[in-house]
Amino acid sequence: SDDVLVCIHDESINSVARNSDGTEISTTINVADHTLAELNEYDYGIYKGYPNEGILTLDAFLKLCGQLNCIPVIETKIWLLAEEVEDVCLMVRKYGLQDGFIWAEMPTTEIATRTCTIVRSMLPNATIMIRGGSYSEYALSSAEAFAGAGKKTILSFTDLDYLTSQTIAACRENNIDIEYSMVNTVEDMDDLYALDVFEDVRYWV
């Protein structure tokens with residue numbers, strides 16, 4: 001609630017945070033309803049055997065990426081205001097990450113398009129990742145809008161049902177890389193091989 005951006009997947013902290021004694025939190029603690037100080041009254045490492053860990057702020061995460069020469073991938077879980085997107089871009093610049101930075105968005109609203117446009121304008125060498133999923137056709141058109149002229153763009157999938165030969169051909173034509181994030185079995189790998197997509201899948205999760 002104090003406008004400090006933090007790194008967390010869920011709307012609440014309950015899946016990863018515990019009370020200081022290691023017990024589960026009995027009430028739902030939503031991130032957006034609390035200040036950073038209030039969120040840090042809980043322990044974020046004790047359930048994994050690393051006690052006394054606070055919640056990771058975006059600024060601290062980007063600083064660490066700069067120190068370790070890592071490529072950060074940011075996927076927002078809330079819609080950010082334009083000025084908040086600009087603040088994130090300034091943070092990325094502050095830690096010298098503008099050339100390897102990846103911004104991931106779902107392609108479902110005008111807000112997502114606006115966000116990616118701001119990122120691309122402030123960080124021209126950043127990579128835009130469009131999450132495909134069941135939004136295949138719209139996701140492809142969104143990725144195409146941000147591709148071209150040497151701009152780095154990724155179309156991301158979690159389901160092979162939406163990674164069709166037509167989509168692969170369009171990605172090749174527009175120089176769009178593909179991310180597939182659900183390779184869990186040998187059968188998954190065989191399915192990808194059958195699609196002749198290995199030269200296009202540059203990012204694996």
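Me: How are α2 and α3 oriented to each other, roughly parallel or roughly antiparallel?

Reply: Two packed helices are described by the angle between their axes and the distance between the axes. In this predicted model, the axes of α2 and α3 come within 9 Å and cross at roughly 30°. The two helices are therefore roughly parallel, since angles under 35 degrees count as roughly parallel, over 145 as roughly antiparallel, 65 to 115 as roughly perpendicular and the rest as oblique. Axes here are lines fitted to C-alpha atoms, for helices over the stretch in contact, with angles from 0 to 180 degrees between N-to-C directions. Helices (H or I, at least four residues) and strands (E, at least two) are DSSP runs, numbered from the N terminus.

Me: What handedness does the crossing of α2 and α3 have, and which residues meet there?

Reply: A crossing is left-handed if the near helix is turned anticlockwise from the far one by less than a right angle, and right-handed if clockwise. For α2 and α3 the crossing is right-handed. Leu-58, Asp-59 and Leu-62 of α2 meet Val-88, Met-91, Val-92 and Lys-94 of α3, where contact means heavy atoms within 4.5 Å. By class, this contact has 5 nonpolar, no polar and 2 charged residues. Ala, Val, Leu, Ile, Met, Phe, Trp, Tyr, Cys and Pro count as nonpolar, Asp, Glu, Lys and Arg as charged, and the others, Gly among them, as polar.

Me: At what angle do α3 and α4 cross?

Reply: The axes of α3 and α4 cross at roughly 35° and come within 10 Å; this crossing is right-handed. From α3, the contact involves Ala-82, Val-85, Glu-86, Cys-89, Leu-90 and Arg-93, and from α4, Arg-114, Thr-115, Ile-118, Val-119 and Met-122. These residues divide into 7 nonpolar, 1 polar and 3 charged.

Me: Which residues of the largest nonpolar core touch the most other members?

Reply: In soluble globular proteins, nonpolar side chains tend to be buried together. A nonpolar core is a set of buried Ala, Val, Leu, Ile, Met, Phe, Trp, Tyr and Cys residues joined through side-chain atoms within 4.5 Å. Buried means under 20% relative accessible area, exposed over 50%, and partly exposed in between (1.4 Å probe, protein chains only). The largest core has 37 residues, of which Phe-101, Trp-103, Val-119, Leu-123 and Leu-155 touch the most other members. Elements giving two or more residues include α2, α3, α4 and β4, and α3 supplies the largest share, 5 residues. A second, separate core of 10 residues includes Val-6, Ala-17, Val-31 and Leu-39.

Me: Where is Leu-155 found, and is this residue buried or exposed?

Reply: Leu-155 is found in strand β4. Its relative accessibility is 0%, so Leu-155 counts as buried. Leaving aside neighbours within four places in sequence, its contacts include Ile-130, Ala-139, Leu-140, Cys-171 and Ile-178.

Me: Which backbone angle stands out at Asn-52?

Reply: Asn-52 is not a glycine, yet its phi is positive, near 70°. This residue lies in the loop between α1 and α2 and is exposed, with a relative accessible area of 71%.

Me: Which conventions apply to the values?

Reply: Residues are numbered from 1 along each chain as its sequence is written, and side-chain values use heavy atoms, with hydrogens and water left out. Local features need pLDDT of at least 70 and side-chain atom pairs count only at pLDDT 80 or more, whereas totals for chains, interfaces and linings use all residues.
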